Amino acid sequence: MKSDLDLDALIERIREEAARPEYQAVGMPTPAAVANDAFRTGAQADSAIAMAPAGSFDELLVAGSDEAFLDQAYRTLLGRAADPAGRNAMAALLQAGWRRTYVLYVMYASDEARRLGSSLPGVGKLSLVYRIAGKLDRRPLRPLSRILDRGYNAWRHLRLAVNGHGLRRLASQQDLAAQALGGLKGKAEQLALGLQANQAEVAALADRIVQVEAYGPLVQAHGSQLEAQQDELQRHAAELQAHVGELQTHRRDLDLQRARINMLHRRALPLAQSAATPPAAPSRDTLTARIDAYYLAFEDANRGSESAIRERQQGYLDHLANVPEQQLGKMVVDIGCGRGEWLRLLGENGFNANGIDMNADMVAHCQAQGLTAHHADGLSWLAAQADESCVAVSAFHVVEHLPFETLFPLIEQAWRVLAPGGVLILETPNPENVLVGSHTFYHDFSHRNPVTPTALQFLVGYHGFAVTDVLRLSPYPSEARVNEPGALADRVNGHLYGPQDFSVIARKPMPSEQLGEPAQTTAATTAADPT
């Protein structure tokens, strides 16, 4: 050993090793894992000039600071000075909690050291210990690799401390007193106790390794079975999805057949009276009743289930959360209430909900559920209400049925009956989706023409409303989209498979906000084109 090393330095080195932090690394880095950063390869290593050994294994363990340790280790094992990248890579191992014994193993086992034929006096069973540690560095045995590293490092320091030959060299070089030797022995005894505990842990670890190796084939077999079961579950999920689609199709067919049976039954009644008497032309009221029954069946088959519509409309409740508290007792009017999904949601949340619909069968369906619904024309019903008597007016899939001569005064009446701070909600099919605007919109014979988001926003703004939000809703499912990257695919998906509906949500300003000019839609309230 070097002449400037004394017993106190050795003790201090042991204390520093014992005080190193817990391991921070996720896994145990191998010599190959740090090779690119720390060592030279190929011709670089072959061209290195071997230097005289700068110390033994034990001397490197107590080489002073980590910086001095790394410098001396590079000179001893690789015959060169440590380059910045290599120093940083080795220092990172020390900072992560690995001991000097492991850092020396990484350098000693590197391809660069092997090409140079490097030797390290006193290396002992270093490679064997860390090959075992490498096997342990897998879940759930990873903590045991840390224990083995720490225990082996402690054992080497203890061996150095109690080695009589080394101790005599230190004592002769530094003329140590017998008192210092006695103190070292006391500390060595404490380390010996710790080493015994570590040896017991290593023995238990060895038993665990044997057990794990025995269970290895069983675990692998279970892993294969689990993968097969996962594949089977995915196949069943795909089959279930297909069955769900088939059930939905059968349900629509069943609803259609039920409606056809009812229609045929009504047609058969006049024929039973007299075959000789020609049937009279149906009255307007009778035709309206038959069409009303048709649209109830059509909505059941194509609008979606009542539970699905209720779930989609749930989010609109958030837009009623900020209405003035003093207005909450006033009516919420739903024009074209249909089967009453929105009315039921409003009632469950404490609102005074009233539905209006021209379809007598729809109104009867709502009343049968205990909902308040009126068989009336929406414009006429609103015109009969008092000023500022409502807290909200909604119309889901109504505006596309109305001529502009009806829609225009409908928005006027909505403004009149709404109290300041009241909310207007209008939802309609989205013609920005080409498939909607050119195809699915015309499934309903009573549809007149699509209404664009720009037109509907301007209309409500013209009447004084402040548009607070424009929502684009119900995009086509992901499996219908073009699954390719790129701007072209994005535009195709936006135009063909984007949102199928949109809604404009507006608020009647408070008196202090009303300046006498038509409200203008701000850029913040106008959602971007879906493409």
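A residue is called buried when its relative accessible area is under 20%, exposed when it is over 50%, and partly exposed in between, with a 1.4 Å probe and protein chains only. This is a predicted model, in which local features need pLDDT of at least 70 and side-chain atom pairs count only at pLDDT 80 or more, while totals for chains, interfaces and linings use all residues. Residues are numbered from 1 along each chain as its sequence is written, and side-chain values use heavy atoms, with hydrogens and water left out.

**The whole chain**

Begin with everything displayed. Of the 531 residues, 39% are buried. A contact means heavy atoms within 4.5 Å. Among contacts with a separation of 6 or more, 78% join residues 24 or more positions apart.

**First selection: Q385**

Select Q385, which is found in the loop between α17 (378-383) and β4 (390-396). Is Q385 buried or exposed? Its relative accessible area is 18%, so Q385 counts as buried. Apart from neighbours within four places in sequence, Q385 is in contact with M331, R416 and V417. Next, display W381, whose backbone oxygen is reached by the side chain of Q385 at 2.9 Å.

Two packed helices are described by the angle between their axes and the distance between the axes. Select residues 66-78, helix α5, and residues 100-108, helix α7; they pack at an angle of about 30°, with axes 11 Å apart. This angle makes α5 roughly parallel to α7, a term for angles under 35 degrees. Display the side chains where the helices meet: D66, F69, L70, A73, Y74, L77 and L78 in α5 touch R100, V103, L104, M107 and Y108 in α7. The residues of this contact comprise ten nonpolar, no polar and two charged. Here Ala, Val, Leu, Ile, Met, Phe, Trp, Tyr, Cys and Pro count as nonpolar, Asp, Glu, Lys and Arg as charged, and the others, Gly among them, as polar.

Remain in helix α7 and select R100. How accessible is R100? Its relative accessibility is 0%, so R100 counts as buried. Finally, display S65, whose backbone oxygen lies 3.3 Å from a polar atom of the R100 side chain.

Note on methods. Axes are lines fitted to C-alpha atoms, for helices over the stretch in contact, and angles run from 0 to 180 degrees between N-to-C directions. Helices (H or I, at least four residues) and strands (E, at least two) are DSSP runs, numbered from the N terminus. Angles under 35 degrees count as roughly parallel, over 145 as roughly antiparallel, 65 to 115 as roughly perpendicular and the rest as oblique. A polar contact is a pair of N or O atoms within 3.5 Å; within protein, one must be able to donate a hydrogen and the other to accept it, and residues adjacent in sequence count only if both atoms are side-chain atoms.
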